[in-house]
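These are my notebook entries from going through the structure, written in the order in which I looked things up.

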Amino acid sequence: MNPEHTILNHYNLTNPYPTSWPAENDESDASDEERPINSRSNAGIRRSKSRYSALERSGSDRRSLVPGSQKLRDGQENLVQKDEPDPLGGTDSVVRVLRQRGLPVEEDQRLKNRFLLSSTTFSPNLYLSQIHSNASTQTLIQGLDFLSRSIDQKSASLKVLVESNFERFVRAKTTIDNVYAEMRNQGVDPEFERSRSHTRVPSKGSTHFRNASDQGPPTPSKGIHKPLPIDKKKNALTKESEYGVQGIKAPLIEVTVKAEEIWGPALGGREREGSLKAILESVERSQGVFKVGKTVSECIKRKDYDELVEEYSRARKYTEEAKQIAENASHSQSQLTDSQIYQLVITGRMWSEVEERIDNFKRDVWRKLTNVQSNQSLAARRNAQDEYMALISILLELGTEDNPIWVWLLSRYDYLKNKITATFERSRVEIEVLRRRLANADAPASQIVASHLKSPAGMEPDDKSKDLDTPPVLELWDLIYNSLNNMLSAQGGILGEVIEFWDKAQSFIDGKVQKTLPIGINGRSRKHHRLSSDGVKDLQNGALELVGILQDNVFSFFADPPIEDISSLYSPLPQTPNTPTPVSPQSTTLSPHAHQDARFRFDQNNPPPPSPRRGEAWEEFAFWPPYANSLSGVHYLEKLLTLLGTAASEMIAMRPVASGQSMSERLKTMVTGARERSARAACAAWSRDAEMCKVQEDWSRASDQLELTNMPSRFDAFESTVLSGMQKILYIPEATATKSGSGGIISPPPSKLVQMVRSQFVTSLYKALSGMVENAQRSKARREEDDAVVGSEDLVGSKDGERSLDGDEKNIRKLLTLSNLSILKSTIVPNLISQFETNFSITLTDESKTVRDALTQISDRLFQSYTQPIASEISSIVHAGISSPDWLPPTSHPSAVQPYVYEALLLLVYVHTEVSTTAAPLTNQILSHLLEQMSLAFLDAFKQRSSYPLAGLMQATLDVEFVAQTLSQYTTKQAGDTQSEIYIQLDRGTTPDASKRLQGELPEMRQVLKRLREGARSEFLCFKRERRVQS
């Protein structure tokens, strides 16, 4: 039978798991005569029962010894058998039939009793409805016959038994009554006993005749007795004397105490010896259990994770063995031995200690896992990559409820998100601080600007940024580049960490990394090897969010004006906990790095003031340093846009970004927006620098062409550098060449942007050329007001003192400027136009013609500015000489030219010297032009005279021919035509006879002219044509 059913029968319970003891089982079993007289006053007192209380029960109140009997609320007992055959003869087990019908007779004892005939709660109706629910009438009649025969058989047997043993029953009853009376009446007054014996009259209807002696309590009328001696009372078998044991109870207790005092230590020592031996044997058997806790602690201290997992597995093995022992004992209903109990105790203590240490170790591992990404250096990051895998592995080995892979990915995402925001905000404020300091400082002097604009001409290939701008400007440019590089670099920057994060996440999504990870004890960590579909989607959205934060921050830096609030630089940063929550951290945040740079330390009450508003173009650009020139601008902006384009290409190569159209469009917008803003800022600086190009002129000769200054080469280098930088800003070619997929991100520049650069290029040429002419024509006082740029050898002057010219001489400046304009027109400007057309793939047909026309006009104006005063002076000399009364020779045959001719030629000698020593290639052009002007002066002067005699005609011929032959090297067609007109004019002013006679005098005049030229050979040797040396 079921052991649970046996327990229910033994304790008279109906529920195997009772919440309280049944009240009916607590009713007292004492006889009526043992109950207190005053039942009302003692109703609430529960008296303790004596060990002999069973002897006082009446015959009608004795409890049955049949197992399973129970006492009902009315005080009657219900003698119930475990099982019975069918009283109608149908089956040999009623309980089996009930069990087959699905009734819970094993669990509900009271329900079962209603089906058992031996129970007083037997229900015939219920019995027939369940046991014989399908029986027919005939079957029931047969059952009734079987029941009648059974009753008759049992009655006959009982009758025979009673008749054959009646005398024996009577004698036994008498003996029992006498023994009972003697035991009860010992120590009682005989008179009282006699009075009681007279009242003992048996009743036929009573179950036991002893009940008659207990009817009602004794009264004083029934007899008065004397008090008995104390000894007799002690030996009386009454409840007050504890049924005769009271007399010997105290001596027995004293003897027990003394025996314990004497023999206790000896007996206890033997027991302790046995216990110690048992403990020693158990310790020797369980030596491994005791060592596990200590070994686990040592493994944690020396970071021996492999052995830690082995020891933890060993501890779990011991624990499983102990659990198996307890389960086996419970299943077999057997009692545990002392050694098994001891093993369970020490294993439980060991497991509790190991679990506590492992839990503490797990908390530390969780903390390290979420903080492992805070290492900033590249070497530390490589170590961190190995470290987080080791931490994930140990957590999977030991077993954990939370997925360490997911926790690490989530903490990594939170770390990168906070780092992007904190780093950008910090960098933006630092940039603004330096920018404000630059804006509130004075603008650099002209000579300093000139020194930086000249730098491309002497730039070393190894250091392209050297001397491009002032140190504060370059410092700010470097800060801007380093800040963006720290965010957008794929090698060592935050973007690199984002890409690395997604690569790691993708490897976990694909399950590649999990192949090397442990599955834990009994494969409990296998469930953590695969990420859920929701987790994968969250990771993809997280990667998109990180890219979106980078895109938003970078785009706002280029598109938004400078920030106004810089309080975050000196406000205390909130300290966010970087340690995980116990056992299962879910996220961690980043605390921004506290800078110790002295550049950003200032009084909180006196922060750098905002940038003043002066109407400068750079005031609306947060990324452009105040007073920065276009050279440093294009140099750093091309680096920034290359970095930006490369970063955008890296970001769009990520799978979550490539699969979504919206993020790709945002990245394109970021690149195009930054490019447009950069081009606008660079063009504004380019325009300002073109106006300042004039300060590059220090009137020092070029080393390779002495007729030029260094200005053309410097201007060429400046414009070429800016053009090259603008081309890289608009097309970002290095980013395109770096990433093969960057073509979709970096689109060609819009025509509007190219047109802006095109217009600015032409404008810069005009401004630079105008500045050159301004340098040539301005007075000395004006030049001194302009910071004494000219001749300042310490700042902008030539390093070769021998090649420096006198910049104070206006004619020298004009000649050098003319020479410079000539090389600009012939070589430099066409080369720059060609470079622009090549860089931007457009043709500057109209602009090229316009620039050439402008150069021609500028050159002509400057040429006239130089030659007009000289031509005017020559004309004055010629007019004064011819109109002089002394011009006609005193004789009829003149033998010399007039002095004014020598005076005019000497002036030309000075001009020749000035031009040839300053700008030799201009000598022929200038002297030819002056010869033409001199010829026109002759023509105009001769027209002033009305007539010419033969002597005057011969003098005019000598003067004109002497000048023509002396300056024959510079004769032009216009000069020759003018001379022909002179002779025609002379013929008009003379008579035909004089003209005829002049033809006869020509041979002699040739001799005179030859003699005059030979006499003036040394004075006018500079006008002689140089002979080419034949090799």
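I began with Arg677, which counts as buried because its relative accessible area is 16%, under the 20% cut-off. The model is a predicted one, so I take each value here as computed from predicted coordinates. Arg677 makes a salt bridge with Glu620, and the closest N and O atoms are 3.8 Å apart. I noted that this pair links distant parts of the chain, with Arg677 in helix H21 and Glu620 in the loop between H18 and H19, 57 residues apart. Glu620, at 43% relative accessibility, is partly exposed.

Next I looked at Arg714, whose salt bridge with Asp698 has its closest N and O atoms 3.3 Å apart. Here too the pair is described as linking distant parts of the chain, Arg714 lying in helix H22 and Asp698 in the loop between H21 and H22, 16 residues apart. Arg714 is buried at 10% relative accessible area, and Asp698 is buried at 5%. I also recorded a network in which salt bridges with shared partners join Arg302, Asp304 and Glu307.

How far apart along helix H11 are Arg314 and Glu311? They are three residues apart, which means that about one helical turn separates them. Their side chains meet in a salt bridge of 2.6 Å, N to O. Arg314 is partly exposed at 33% relative accessible area, whereas Glu311 is buried at 10%. The structure holds 27 salt bridges.

I then stayed in the loop between H21 and H22 to look up Trp699, which lies there. Its phi is near 55 degrees, a positive value in a residue other than glycine, and Trp699 is buried with a relative accessible area of 1%. Tyr627, in the loop between helix H18 (533-559) and helix H19 (630-652), also has a positive phi, near 65 degrees. Tyr627 counts as buried at 16% relative accessibility. I flagged these two angles because most residues other than glycine have a negative phi.

Which residues touch the most other members of the largest nonpolar core? Of its 201 residues, they are Phe508, Trp624, Met726, Phe761, Phe938 and Phe942. Helix H14 (residues 404-440) gives the most to this core, with 13 residues. A second, separate core has eight residues, among them Val94, Leu98, Phe115 and Tyr127. For Trp624 I listed the contacts beyond four places in sequence, and they are Arg435, Trp477, Trp618, Asn629, Gly633, Leu637, Ala681, Ala682 and Ala685.

I moved on to helix H28, where the buried residues include Tyr900, Val901, Leu905, Leu908, His912 and Glu914. The buried residues of H28 pack against helix H26 (810-840), H27, helix H29 (923-944) and helix H30 (950-966). Gln898 sits in the loop between helix H27 (845-882) and helix H28 (899-918). Gln898 is buried at 13% relative accessibility, and beyond four places in sequence Gln898 touches Asp886, Trp887, Gln955 and Asp959.

Two further single residues went into the notebook. Thr400 lies in the loop between helix H13 (378-398) and H14, is buried with a relative accessible area of 13%, and is in contact with Trp366, Leu395 and His528 once neighbours within four places are left aside. Pro472, in helix H16, is partly exposed at 41%; Pro472 and Leu438 are 34 residues apart in sequence, with 7.2 Å between their C-alpha atoms.

On the surface I found a nonpolar patch formed by Leu158, Leu161, Val162, Phe166, Phe169 and Val170, with about 560 Å² of accessible area together. Helix H5 (137-164) and helix H6 (166-185) each give two or more residues to the patch. Phe169 is in helix H6 and counts as partly exposed at 44% relative accessibility.

Last, I wrote down the totals. The protein has 32 helices and two strands, and 43% of its 1031 residues count as buried. Its accessible surface comes to about 56,000 Å², of which 51% belongs to carbon and sulfur atoms.

Methods. Residues are numbered from 1 along each chain as its sequence is written. This is a predicted model: local features need pLDDT of at least 70, side-chain atom pairs count only at pLDDT 80 or more; totals for chains, interfaces and linings use all residues. Side-chain values use heavy atoms; hydrogens and water are left out. Patches are made of residues with over 30% relative accessible area and no salt bridge: like charges are joined within 9 Å, nonpolar side chains (Val, Leu, Ile, Met, Phe, Trp, Tyr) within 5 Å. Accessible areas come from the Shrake-Rupley method with a 1.4 Å probe; for residues, only the protein chains shown count as cover. A salt bridge is a side-chain nitrogen of Lys or Arg within 4 Å of a carboxyl oxygen of Asp or Glu. Helices (H or I, at least four residues) and strands (E, at least two) are DSSP runs, numbered from the N terminus. Buried means under 20% relative accessible area, exposed over 50%, partly exposed in between (1.4 Å probe, protein chains only). A nonpolar core is a set of buried Ala, Val, Leu, Ile, Met, Phe, Trp, Tyr and Cys residues joined through side-chain atoms within 4.5 Å. Contact means heavy atoms within 4.5 Å.
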